[in-house]
Amino acid sequence: RKVRGNFDGVNVLQQLRSAGLIEAVRVSRAGYPSRYSFQDFVSRFWPAAVFDAGACSSVALVSCNSLDDSSRDLLVLRAREVLSGIGCGVQEYQLGNTTIFLRAGVAESLEAVRLSTLARAACALTAPVRRHLARA
């Protein structure tokens with residue numbers, strides 16, 4: 001029985017299957033489930049790559065609204081530096097026109113590296129203050 005605002009879960013699921021949407025989402029998530037824009041990726045993971053490996057040069061982030069070819073190329077270069085600095089293999093990601101696609105599990109491992117790097121950096125920054133307070 002069709003009533004406005006009343007959804008039958010079984011009927012909705014059958015309609016999504018018939019339209020092929022569930023299979024399309026499953027295939028998409030099986031290949032590269034994590035997606036980041038170049039700017040988001042570089043700004044999120046660049047500190048981890050620099051602190052860990054010293055592999056990246058200085059980053060000049062640009063606005064997503066003004067991505068011309070040269071600034072896009074710069075972000076792609078920085079993204080590749082981040083990925084190589086953190087130790088991601090080429091088979092673990094794909095670069096699109098505006099997005100980085102990461103294989104399953106890669107985003108979680110990158111996030112773990114990022115968090116441990118930030119924790120070490122916080123300890124390194126607070127150590128002199130703690131040392132000074134302990135001596136006082």
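Which residues do ring pairs link into a cluster? In this predicted model, where local features need pLDDT of at least 70, side-chain atom pairs count only at pLDDT 80 or more, and totals for chains, interfaces and linings use all residues, the answer is Tyr36, Phe41 and Phe45. Residues are numbered from 1 along each chain as its sequence is written, and side-chain values use heavy atoms, with hydrogens and water left out.

The chain has five helices and three strands, where helices (H or I, at least four residues) and strands (E, at least two) are DSSP runs numbered from the N terminus. Along the sequence these elements follow the pattern α-α-β-α-α-β-β-α. The accessible surface comes to about 9200 Å², and carbon and sulfur atoms account for 57% of it; such areas come from the Shrake-Rupley method with a 1.4 Å probe, and for residues only the protein chains shown count as cover. Of the 136 residues in the chain, 26% are buried. Here buried means under 20% relative accessible area, exposed means over 50%, and partly exposed is in between (1.4 Å probe, protein chains only). Contacts, meaning heavy atoms within 4.5 Å, were also sorted by sequence distance: among those between residues at least 6 apart, 63% join residues at least 24 apart.

Strand β1 (residues 34–37) comes next. Ser34 and Tyr36 form its covered face, while Arg35 and Ser37 form the uncovered one. Strands β1 and β3 run antiparallel and are joined by four bridges; two strands pair if DSSP finds at least two bridges between them. Arg35 has Phe101 as its bridge partner in β3.

Now for the aromatic rings. The whole structure holds three aromatic pairs, counted when rings of Phe, Tyr and Trp (its six-membered ring) have centres within 6.5 Å; planes under 30 degrees apart count as stacked, over 60 as edge-to-face and the rest as tilted. Tyr36 and Phe45 make an edge-to-face pair, because their planes meet at 85°, with ring centres 5.7 Å apart. Phe41 and Phe45 have planes at 50° and centres 5.0 Å apart, so this pair is tilted. These two residues are four apart in helix α3, so about one helical turn separates them. Phe41 and Phe45 are both buried, and Phe45 has a relative accessibility of 0%.

Phe41 and Phe45 also belong to the largest nonpolar core, which has 20 residues; Leu83, Ile86, Leu102 and Leu110 join them as those with the most contacts inside it. Elements that each supply at least two residues of this core are α3 (38–53), α4 (69–86), β3 (99–102) and α5 (106–135). A nonpolar core is a set of buried Ala, Val, Leu, Ile, Met, Phe, Trp, Tyr and Cys residues joined through side-chain atoms within 4.5 Å. Leaving out residues up to four places away in sequence, Ile86 touches Phe45, Ala48, Ala49, Leu110 and Val113.

Arg114 counts as buried because its relative accessibility is 16%. The C-alpha atoms of Arg114 and Trp46 are separated by 8.8 Å, although the two residues are 68 apart along the chain.
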